[in-house]
Amino acid sequence: MRRTVACLTAVGSLSLVTLGLVPAAAPASTPSASLHFTNQASLQEDGSVLVSLTYLCNPSSFGGPAGTVAARLEQGEPPAYGEAFAPATCNGQKHKVTLDIAPGPFSPGPATAQAVVFNGDASSAAETHAVLKVK
C-alpha cells in the first residue's frame with residue numbers, strides 16, 4: 001500500500017513537473033506527444049480494470065526511445081482507486097498499451113481516469129483525462 005501511494009504521488013508530481021518542462025513552441029505538424037484512452041474499461045474478476053491507451057512520444061536527445069506511460073482510475077464514494085505503469089516506446093510512432101489498473105476493487109459504471117506519457121528527459125510528454133465506462 002505504501003508503495004502504491006508513493007508511486008501515485010510520484011506520478012502526480014511528475015505529471016505537473018513534466019508539463020512544465022515541455023517546450024512551449026512546438027511545430028504544429030509534429031506534436032511532441034499525444035495520449036488517448038479508449039472509451040471503456042474491462043472489469044476483471046479480481047476487481048482490477050484493463051484500460052487501453054494509444055500514445056505517441058518523441059525520443060529524448062540523450063536517452064533514446066525509452067519512456068514511461070502511467071494511468072490512474074478512481075470510482076465511487078468512498079473512492080476505489082488504482083494505478084499502473086509501463087515502459088513506453090518514444091520513437092515518434094503511435095503505440096497501443098493495455099494497463100491492468102489495480103488494486104480497486106472497481107465495479108461496473110463510470111470511472112474517472114487520468115494518464116501521462118513522457119520520454120526519458122521529459123522533452124516529449126502528454127497528459128489526458130477521461131470518464132471511462134467500466135464493463
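The model is predicted, so local features need pLDDT of at least 70 and side-chain atom pairs count only at pLDDT 80 or more, while totals for chains, interfaces and linings use all residues. Residues are numbered from 1 along each chain as its sequence is written, and side-chain values use heavy atoms, leaving out hydrogens and water.

Let's start with the fold. The protein has one helix and eight strands, where helices (H or I, at least four residues) and strands (E, at least two) are DSSP runs numbered from the N terminus. Their order from the N terminus is α-β-β-β-β-β-β-β-β. Of the 135 residues, 41% are buried, meaning under 20% relative accessible area with a 1.4 Å probe, protein chains only.

Next comes the disulfide, a covalent bond between the sulfur atoms of two cysteines. The rule asks for a pair of cysteine sulfur atoms within 2.5 Å, and the count comes to one. Cys57 and Cys90 form this link, with their sulfur atoms 2.0 Å apart. Cys57 lies in strand β3 and Cys90 in the loop between β5 and β6, so the pair ties together parts that are 33 residues apart in sequence.

Not counting residues up to four places away in sequence, Gly109 touches Gln75, Leu132, Lys133 and Val134; touching here means heavy atoms within 4.5 Å.

| Residue | Relative accessible area |
|---|---|
| Cys57 | 0% |
| Cys90 | 0% |
| Gly109 | 18% |

Terms used:
Buried < 20%, exposed > 50% of the residue type's maximum accessible area, 1.4 Å probe, protein only.
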